[in-house]
Amino acid sequence: MNDKSIVYFASTETPALKREYSLARKFDTIIDRLGVKEVVKDKDVAIKMHTGYKLNYTTIHPFLVGRLVSAIKEAGGNPFVIDILRQIRHARLKGYTEEVIGCPMFPVAGIKDNYFIEKKVNFKGVKTLKMGGSIRDADVLINLAHFKGHNSTGYGGVIKNLALGCFTEESRYAMHETIMFDSFLNVEKCTDVDKLIKACPFNLIKWKKGKLQVTLDLCNQCMRCIQTDKNGCIQINKKNFESFFEIVAIAAEVVLSEIGRKNIFNINVAFDITEYCDCWGFTTGNILPDIGFLGSKDILALDKATLDLSVDKQLIIENVSKTSDINNDPELHPLARIHGPYKDPYIQIKFGEKHNLGNTKYEIKEILPAQKISKSAPAFPKAIKLYQNTAKHD
Ligand code: SF4
């Protein structure tokens with residue numbers, strides 16, 4: 001038995017300017033290789049998406065969603081798209097309509113966000129998680145995620161698409177709160193609260209309702225507050241940030257167990273990689289080059305492979321928000337250079353492994369690889385060599 005999970009990868013490299021090597025055809029080929037068409041006949045097939053909020057539009061192009069929907073229909077399946085309620089309300093503005101994509105769209109937990117099944121988890125203040133009933137209704141789940149940066153986990157991919165995107169608003173809020181569960185403030189020790197508040201250039205430390213409050217969700221662990229506060233009033237602990245990574249892994253495992261791993265197909269669309277998640281409600285410039293499409297039956301192997309393919313990419317510095325710090329540690333994933341070392345995307349992989357989401361070992365099978373298909377040497381270097389040789393004899 002192969003102890004590595006298979007990850008299909010279609011890069012942005014173009015073997016030749018032919019329709020059969022286009023990105024749309026590569027996306028179709030990923031769907032084919034995953035074996036989606038073999039299992040969807042007479043099945044209700046949920047396509048879980050993150051369609052973005054308000055002014056965000058750098059999500060997965062409706063044209064590609066339409067191609068996936070067509071493939072499912074041609075194979076006899078009954079597809080529908082699901083997303084969280086507040087995003088479904090804005091999906092039409094980005095072109096996600098039944099006329100364009102070819103299937104209806106439903107809120108994951110119904111139009112009142114109260115159609116769910118409850119699962120016990122008992123983790124850092126979260127007793128239960130409420131998974132959307134529309135997910136449970138599906139026979140097959142296509143986990144179709146946009147790969148991008150994220151302020152709490154460094155990145156968002158297929159794990160987060162299930163973990164946060166398949167639950168009610170109440171559960172999503174509770175998951176986010178785990179970052180504050182372990183105590184990190186001791187106000188009695190604070191001798192100068194104003195100085196501490198001013199130490200954070202991102203305005204994350206506030207005095208509100210008679211309490212000191214810190215928004216760790218947005219903290220990049222610059223440690224300026226620690227350097228100002230010498231008495232231990234505030235601590236920036238890895239443990240707090242890891243709590244969110246862990247509840248994300250726990251929530252993803254709930255969905256995998258409910259639907260059954262054999263009925264789930266995962267796709268990362270690693271294009272338009274922005275600094276923040278699509279849920280922020282606006283689009284900014286891409287901060288990493290496009291990578292391509294990746295697909296796998298194994299959710300953990302897929303996110304790991306996508307991170308590995310992006311780890312050596314150069315940040316597009318000019319597109320990083322001017323209010324962000326950029327950490328120069330070359331050991332960090334580029335997304336952790338922005339969101340901070342305690343939000344390194346690989347921490348998600350560690351907790352994914354702990355909660356048995358899948359395999360961290362994988363084998364990449366490249367779809368239509370440019371290097372193998374393109375046999376002729378590039379024209380311009382040849383021409384340059386010819387010119388250089390001619391110039392020598394002149
Ligand atoms: S460590 Fe976080 S809270 Fe402290 S100053 Fe930096 S960003 Fe602000």
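**Reading the features**

Q: In which strand does Asn-122 lie?
A: Asn-122 lies in strand β5, residues 116–123. Note at the outset that this is a predicted model.

Q: What is the phi of Asn-203, and where is Asn-203 found?
A: Asn-203 has a positive phi, near 60°, and is a residue other than glycine. Its place is the loop between α9 (193–199) and β10 (205–208). Asn-203 has 11 other C-beta atoms within 10 Å and is therefore exposed.

Q: How do I read the order of strands in the sheet?
A: The open sheet has 8 strands in the order β4-β3-β2-β7-β12-β13-β1-β14, and the pairing is mixed. Its edge strands are β4 (105–107) and β14 (362–366), each of which pairs on one side only. From one strand to the next, the twist averages 25°.

Q: Which strands does β2 pair with, and in what sense?
A: Read the bridges to each partner in turn. β2 runs parallel to β3, with 5 bridges joining them. Within that pairing, Lys-48 has Ile-82 of β3 as its bridge partner. β2 also runs parallel to β7, joined by 4 bridges. There Ala-46 has Leu-141 of β7 as its bridge partner. As for burial, 4 of the 5 residues of β2 are buried, and the strand is mostly covered.

Q: How do I read the two faces of β12?
A: In a regular strand, side chains alternate between the two faces of the sheet. In β12, Ile-264, Asn-266, Asn-268 and Ala-270 are buried on one side, while Phe-265, Ile-267 and Val-269 are buried on the other. With 7 of its 7 residues buried, β12 is therefore largely enclosed by the rest of the structure.

Q: Which strands pair with β12, and are they parallel or antiparallel to it?
A: Take one partner at a time. β7 and β12 are parallel, with 6 bridges. Leu-144 has Ile-267 of β12 as its bridge partner. β12 and β13 are antiparallel, with 5 bridges. Here Val-269 stands opposite Phe-293 of β13.

Q: How is β1 joined to β14?
A: Strand β1 (residues 5–11) runs parallel to β14, and 5 bridges join them. Ser-5 stands opposite Tyr-362 in β14. On the sheet packs α1, which touches β1, β12 (264–270) and β13 (292–296). The direction of α1 makes about 165° with that of β1.

Q: How do I find the buried side of α3?
A: List the buried residues, then look down the helix axis. The buried residues of α3 are Leu-64, Val-65, Leu-68, Val-69 and Ile-72. Seen down the axis, they fall within an arc of 140°, so they line one face of α3. The face turned away from this buried side carries the exposed residues Phe-63 and Glu-74. The cover over the buried residues of α3 includes α1 (23–34), β2 (44–48) and β7 (140–146). After α3 comes Gly-76, with a positive phi near 90°.

Q: How do I check the span of α12?
A: Compare the distance between its end C-alpha atoms with the expected value. Helix α12 (residues 299–310) has 12 residues that should span 16 Å at 1.5 Å a residue, and its end C-alpha atoms are 17 Å apart, which agrees. Because 9 of the 12 residues of α12 are buried, the helix is largely enclosed by the rest of the structure. Among these buried residues are Ile-299, Asp-303, Lys-304 and Leu-307.

Key. Residues are numbered from 1 along each chain as its sequence is written. This is a predicted model: local features need pLDDT of at least 70, side-chain atom pairs count only at pLDDT 80 or more; totals for chains, interfaces and linings use all residues. A residue is buried if 20 or more other C-beta atoms lie within 10 Å of its own, exposed if 12 or fewer, and partly exposed in between; C-beta atoms are placed from the backbone. The arc is that of the directions from the helix axis to the C-beta atoms. Two residues are in contact if their C-beta atoms, placed from the backbone, lie within 7 Å. Two strands pair if DSSP finds at least two bridges between them. Axes are lines fitted to C-alpha atoms, for helices over the stretch in contact, and angles run from 0 to 180 degrees between N-to-C directions. The expected span of a helix is 1.5 Å times one less than its number of residues.
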